[in-house]
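The exercises below are meant to be worked with the sequence and the 3D view side by side. Try each task before reading its solution.

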Amino acid sequence: MRNKFVAKIVLLGDGAVGKTSLKRRFVYKTFDPIEQMTIGADFARVTLELNDFQVILQIWDIAGQARYKEIATSYYRGAKGAMIAFDVTRESTFQSIPKWISMLVQNAGKIPFMLVGNKIDLVNERVVSKERAEKYAESLSEWLGWNVPYMETSAKTGENVEESFLILANNVLDISLGV
Ligand code: G3D
Ligand code: MG
């Protein structure tokens, strides 16, 4: 029998950056809202085959437009990894990342997380460059002493969405196994 590994993953980031859309794209392979808007925090479950493991990701999504101060500590409890998303067309969502990181570390400890710049399909509206976000992720990696990946996604076209979740899942698995 394969080894089973269950990991809670939390999605973080300002309202409307695309958290629910990223989850929907990854879990249901669609951009269309086939599920009701989430009331309270809930999670979707995905099973992946990674190395010799059956990895069950519980992907938690913040309800509605809640801001970082309003997220209950129970949302973070037991999380093994986090995806912090911003919208490449809105500077303020990029500026919020340090607040999300500090809330995450306060409530879940130093767990692996990654940064995701979403909505790259809106090419003409982009205000946060890839280079800038990559530099920021590098500086975080130096500061923390482990790699903070940065990926650019479009939940609309699906570009890099699956890849991003797989990077996070692999990091979570490696750290949990002490690799
Ligand atoms: P949130 O869960 O972070 O609050 P949502 O964000 O997933 O609800 O997305 C907020 C809005 O951005 C939605 O539009 C959604 O369709 C749109 N969106 C999400 N991801 C992308 C993307 O990659 N590209 C583009 N172009 N739009 C995206 P509405 O109009 O429903 O508010
Ligand atoms: Mg949402």
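**Exercise 1.** How far does a polar side-chain atom of S154 lie from an oxygen atom of ligand 1?

*Solution.* Before starting, note that this is a predicted model, in which local features need pLDDT of at least 70 and side-chain atom pairs count only at pLDDT 80 or more, while totals for chains, interfaces and linings use all residues. Residues are numbered from 1 along each chain as its sequence is written, chains are lettered from A and ligands numbered from 1 in the order in which they are written, and side-chain values use heavy atoms, with hydrogens and water left out.

Step 1: the polar side-chain atom of S154 is found 3.5 Å from an oxygen atom of ligand 1. Step 2: the protein covers 67% of the 650 Å² of accessible area that ligand 1 has on its own (Shrake-Rupley method, 1.4 Å probe; for residues, only the protein chains shown count as cover).

**Exercise 2.** Which residues are closest to ligand 1, and how many surround it?

*Solution.* Step 1: ligand 1 is surrounded by 17 residues, the closest being A16, K19, S21, D121 and A155 (a residue is near if one of its heavy atoms lies within 4 Å). Step 2: a polar side-chain atom of K119 is 3.0 Å from an oxygen atom of ligand 1, and a polar backbone atom of V17 is 3.3 Å from an oxygen atom of the ligand. Step 3: helix α1, residues 19-28, contributes the largest share of the shell, 3 residues (helices are DSSP runs of H or I with at least four residues, strands runs of E with at least two, numbered from the N terminus).

**Exercise 3.** Is S154 buried or exposed?

*Solution.* Step 1: locate S154 in the loop between β6 (150-152) and α6 (161-177). Step 2: S154 has a relative accessible area of 0% and is therefore buried (buried means under 20%, exposed over 50%, partly exposed in between, with a 1.4 Å probe and protein chains only). Step 3: not counting residues up to four places away in sequence, S154 touches N118, K119, I120, D121, E159 and V161 (contact means heavy atoms within 4.5 Å). Step 4: the side chain of S154 also reaches the backbone nitrogen of K156 at 3.2 Å and that of T157 at 3.0 Å.

Key. A polar contact is a pair of N or O atoms within 3.5 Å; within protein, one must be able to donate a hydrogen and the other to accept it, and residues adjacent in sequence count only if both atoms are side-chain atoms.
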